[in-house]
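Hi,

Here is the structure I said I would pass on to you. Have a look at it first, and then read my notes below.

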Amino acid sequence: MMTRYWMNFRTIANAALLVALLGTLTGCGKTPAEFRSNNAYALVLKTLQDGSYQADQMEDLRNTLTALFGTPDQPYVTHLTSVPATNVVDIRNLELAAGPVSSDESGRPQGLYREHCAHCHGLTGDGAGPTAKFLNPYPRDYRKGVFKFKSTPKGAKPTHADLKRILMEGIPDTAMPSFRLLPENELDALIDYVKYLAIRGETERMLLLEMTELDDEERLVSLEDEEKLQETAGTVADTVTTVLQKWADAESQQSVIPAHPQDWDREESIAKGRELFYGPIANCVKCHGDSAQGDGERTDYDDWTKDYFDPKNEKLVKLKDVFVDRYAMMPPRNIIPRNLRSGAYRGGRRPIDLFRRIHNGIDGTPMPAASLKASDAAPDVKGLTTDDIWHIVDYVESLPYESISRPHLPQAENKRERM
Amino acid sequence: MKVPRAIVGFGLLSVLVLSLGCAESNPIPTAAGNEEVAQELRDRFDEAGARLAVSGGGSGAASGTRTGWGTIKGIFRTSGSIDRKALTVDKDLSVCAPGGKQILSEAVVTGPNGELANVLCFLTTKIPADWEHPDYAAVKEGNVEFDQKNCVFLTHVFACRSTQTVILKNSDSASHNTNIAPDRGASQMNAIIPQGASAEYLPGGESPSPFPVTCNIHPWMKAYMITRDNPYFAVSGDDGTFEIKNVPTGVPLSFRVWQETAGYLDRVTVNGQETNWKKGYFDITLEPDQVVTLEVDVEKSALSP
């Protein structure tokens with residue numbers, strides 16, 4: 001008897017192997033690549049409303065988004081907008097970046113986004129590619145349409161050049177590498193594709209917000225009901241226009257930064273910057289800490305996290321486990337102010353990069369813009385002049401070179417003697 | 001008759017493995033987008049987009065002829081006062097908690113008899129310019145103050161017009177940052193406001209719903225703001241009362257009512273009658289010189305998170 005059972009188990013085990021192999025080979029049937037729905041944001045919005053979207057409403061949204069933006073294999077940009085999408089992205093660039101990885105006879109590549117970006121940033125640009133959970137910080141989720149390192153003020157989109165700088169330089173102290181070796185046209189294609197994913201993602205979020213107005217039995221869109229269709233088209237047009245307008249505006253919104261004065265004594269400027277750093281007007285010390293190692297305020301979260309995890313909102317706190325366990329989302333991490341002694345500057349190491357971080361703040365994070373005043377304002381007017389900001393830049397640049405910033409090297413007596 | 005167990009096992013396992021391997025892991029069911037529907041939608045949307053390019057678009061503004069002006073006023077109440085939780089205050093104690101003073105949550109603020117403060121009521125109907133009473137012209141632009149003292153925003157629910165300039169003041173002897181984060185319509189801002197200083201916020205547009213204003217330096221600080229194109233809005237005071245004057249009459253209007261914890265108030269009792277303000281909306285058409293009084297009772301259960 002024992003043998004019989006054992007035999008059976010072996011047969012079953014073999015069969016299981018065979019089936020598993022079969023399953024792997026066929027990939028459960030080839031389905032075309034699809035964008036993932038922003039179910040987390042949907043759940044948050046409806047939880048705050050003590051309800052939930054209906055399955056057919058979510059299907060309406062998917063169909064609407066496919067109508068507007070196509071699929072990962074066949075990108076599209078809608079004409080249902082007052083700002084032509086072609087002002088923002090070039091559809092030929094999208095076609096170069098989209099789709100599976102391949103190349104034609106002349107070696108022209110296809111599927112650049114999936115080749116270079118998707119494993120971290122995800123097919124949908126949701127920052128949840130297969131590698132994402134192993135990284136700290138997590139890869140950026142583009143769908144909020146918010147970007148940190150840019151030359152434009154708070155709330156504005158980055159310029160094309162801002163995004164190109166990130167691709168060229170990478171982001172130090174994160175997993176984001178440099179793509180400097182790619183040809184210019186491929187970089188442009190990737191940038192347009194990232195914009196496209198951001199536009200698609202932000203449109204999805206805006207439509208989810210609009211959908212909170214729907215009753216449970218109401219659909220977002222209906223092909224049978226002409227009046228309803230036109231009403232939806234109106235809402236969608238407003239939404240897409242709003243999103244595209246911001247991208248179109250960005251190119252002319254760069255903050256003008258005066259050059260660093262040439263004639264300054266560096267030591268003197270560093271001393272002034274230090275005073276401002278710890279002073280009540282700039283108040284950098286509040287978050288970056290007495291030691292400037294980023295230990296002033298370590299309990300906050302960035303805006304991407306606060307979207308679904310707000311420790312101050314009791315309704316949302318209850319959802320944390322749902323997101324992590326059932327949605328397989330990355331567990332929330334606190335946003336830690338930069339350790340200014342490390343010498344790694346995520347948004348770029350040029351003085352103008354540091355100036356912009358202080359001058360404009362950093363979108364999506366607690367980092368605020370400096371409080372400004374005109375250069376000729378009376379001394380008792382509270383605020384920083386652009387000269388003041390340059391002093392702070394000089395001080396911040398000096399921090400990694402202070403002796404306490406240097407890594408602790410092993411003491412001589414602790415070194416193992418080589419026999 | 002006898003089916004070998006191995007085959008049964010094989011069958012069962014196939015089903016198991018296949019169903020495991022291919023199961024949709026999203027808890028919200030998402031039917032795979034229907035290609036044909038999407039294609040037809042694309043064509044219809046693009047047609048609508050082509051018309052948009054010709055007409056320049058239009059908004060669904062209200063219709064009708066205004067006959068005069070009226071008033072909407074009233075009170076928001078719940079059954080008895082609700083205790084307010086003390087917030088964790090762990091920074092700048094000499095400024096934020098002088099003499100060990102506690103800062104209480106403002107998520108629900110009630111008077112001794114359940115009078116409900118900080119309830120926002122605002123007109124959602126898009127109105128033409130001549131539905132705006134001339135008295136409001138004086139406050140269409142100009143400055144409105146939004147202040148903070150002892151690490152508390154002095155106006156917890158702040159409503160203003162999208163054309164006004166908000167002067168963000170800091171009356172504390174500590175630095176704050178004021179982080180204004182609308183999800184739609186109005187512009188975003190996050191700036192340091194040094195002690196005793198102020199900054200300007202230009203809303204730049206209408207926000208369809210209230211949005212949070214926070215200070216990241218003092219994480220317990222939170223207020224809500226809404227910016228509206230029209231002047232018809234009010235926030236209930238400590239005594240629970242509100243009043244909106246010079247409301248256009250003879251035309252159908254839609255208002256919306258919001259409270260921080262409850263969200264848009266739907267199940268309410270208005271002048272003794274159980275009412276469902278679906279998603280917080282109520283419709284009303286006033287007679288000239290009419291004063292409508294709404295006594296709105298809110299269940300205590302709606303005010304707990």
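**What I found**

C96(B) and C151(B) are both buried (buried means under 20% relative accessible area, exposed over 50%, and partly exposed in between, using a 1.4 Å probe and protein chains only). A disulfide connects C96(B) and C151(B), with 1.9 Å from S to S (the cut-off for a disulfide is a pair of cysteine sulfur atoms within 2.5 Å). The angle about the S-S bond is -55°, and the link of C96(B) and C151(B) is left-handed. This pair ties together distant parts of the chain, 55 residues apart: C96(B) sits in helix 3 (residues 93–96) of chain B, while C151(B) is in the loop between strand 4 (148–149) and strand 5 (152–153) of chain B. Helices (H or I, at least four residues) and strands (E, at least two) are DSSP runs, numbered from the N terminus. Searching the whole structure gives one disulfide over all chains.

Before you go on, a note on the ground rules: this is a predicted model, where local features need pLDDT of at least 70 and side-chain atom pairs count only at pLDDT 80 or more, while totals for chains, interfaces and linings use all residues. Residues are numbered from 1 along each chain as its sequence is written, chains are lettered from A and ligands numbered from 1 in the order in which they are written, and side-chain values use heavy atoms, with hydrogens and water left out.

C120(A) counts as buried because its relative accessibility is 16%. C284(A) is in no disulfide either, and the nearest cysteine sulfur, in C287(A), is 9.4 Å away. C284(A) is also at 16% relative accessibility, so it counts as buried.

On to chain A as a whole. It has 16 helices and two strands, and its C-alpha trace spans about 85 × 80 × 55 Å along the principal axes. Of its 419 residues, 53% count as buried.

Which residues touch the most other members of the largest nonpolar core? They are Y113(A), Y193(A), Y196(A), L208(A), W247(A) and F45(B), out of 61 residues in that core. (A nonpolar core is a set of buried Ala, Val, Leu, Ile, Met, Phe, Trp, Tyr and Cys residues joined through side-chain atoms within 4.5 Å.) Helix 8 of chain A gives the largest share of this core, 15 residues. Leaving aside neighbours within four places in sequence, Y113(A) is in contact with residues including H121(A), Y142(A), L190(A) and Y193(A); contact means heavy atoms within 4.5 Å. Another core, of 33 residues, lies apart from the largest one, and W277(B) and L294(B) are among its members.

Helix 8 of chain A also holds R205(A). R205(A) is buried because its relative accessible area is 8%. Beyond its neighbours within four places in sequence, R205(A) is in contact with N38(A), Y41(A), R143(A), K144(A) and D307(A).

Last, look at helix 7 of chain A. Its buried residues are D162(A), L163(A), K164(A), I166(A) and L167(A), and they pack against helix 8 and helix 9 of chain A. After helix 7 of chain A comes G170(A), with a positive phi near 75°.

Cheers
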